[in-house]
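Colleague: I am new to this structure and would like to learn how to read it step by step. Could you show me the model and then take me through its main features?

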Amino acid sequence: MNRAGIAALVGISLLMAALMAACGSSPQNINGNWNAVLFNPDQSTAFGFVTNLNQASGSTVNVSSFGFDNFGTLTQCFANSTGQSATFMATGAFTMTITTLFPTGQNVLTLTGTGANGGIGGTWSLTGLTGCSGSGTFTMNGHPPV
């Protein structure tokens with residue numbers, strides 16, 4: 001690689017480091033696409049989901065394009081459509097609820113955590129019908145629009 005290419009890579013790396021440092025000290029921004037991974041108490045992966053989050057008025061967050069991935073045992077719990085709601089405070093406090101729409105609230109997945117450095121982490125719990133329960137920790141990584 002030539003010197004100009006190396007200089008460009010170093011410049012880009014320094015710019016990205018500065019942007020990441022600035023993000024850590026600025027108000028939290030939840031807007032964008034998010035990937036979540038939920039872990040069992042033994043730290044094995046339980047399941048995950050992807051979604052788009054956009055801050056509305058106050059602490060309300062609009063949730064769209066929600067979909068489970070690594071669905072596994074959740075097929076029986078959320079076979080029908082789901083409803084999602086979320087809140088996010090400027091302090092970084094985050095809550096998200098995913099429920100079955102029919103029958104209403106039959107199975108409920110709740111995530112509670114805090115946001116920091118471009119991510120959200122905390123705990124989750126699933127309550128509902130037989131076989132639709134569990135708890136553990138989660139991490140969410142945001143991918144804001146460019």
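Predicted model: local features only at pLDDT ≥ 70, side-chain atom pairs only at ≥ 80, totals over all residues.

Colleague: Which helices and strands does the protein have, and what pattern do they follow along the sequence?

Modeller: Helices (H or I, at least four residues) and strands (E, at least two) are DSSP runs, numbered from the N terminus. The protein has one helix and eight strands, and along the sequence the pattern reads α-β-β-β-β-β-β-β-β.

Colleague: How should I read the way the strands are arranged?

Modeller: Strands of a sheet pair through backbone hydrogen bonds, either parallel or antiparallel. Two strands count as paired if DSSP finds at least two bridges between them. Here eight strands form a closed barrel in the order β1-β2-β3-β4-β5-β6-β7-β8, with antiparallel pairing. From one strand to the next, the twist averages 25°, where axes are lines fitted to C-alpha atoms and angles run from 0 to 180 degrees between N-to-C directions.

Colleague: How many bridges join strand β1 to strand β8?

Modeller: Seven bridges join β1 (residues 32–39) to β8 (residues 134–143), and these two strands run antiparallel. Ala36 stands opposite Met140 in β8.

Colleague: Which residues does a disulfide join?

Modeller: A disulfide is a pair of cysteine sulfur atoms within 2.5 Å, and by this rule the count is one. The disulfide joins Cys77 to Cys132, with 2.2 Å from S to S, and the link is left-handed, at -105° about the S-S bond. Cys77 lies in the loop between β3 (60–69) and β4 (82–88), and Cys132 in the loop between β7 (119–127) and β8, so the pair ties together parts that are 55 residues apart in sequence.

Colleague: Are Cys77 and Cys132 buried or exposed?

Modeller: Buried means under 20% relative accessible area, exposed over 50%, and partly exposed in between (1.4 Å probe, protein chains only). Cys77 is buried at 2%, and Cys132 is buried at 1%.

Colleague: Where does Ala116 lie?

Modeller: Ala116 lies in strand β6 (residues 108–116), and at 43% relative accessibility Ala116 counts as partly exposed.

Methods. Residues numbered from 1 in each chain as written. Heavy atoms only, no water.
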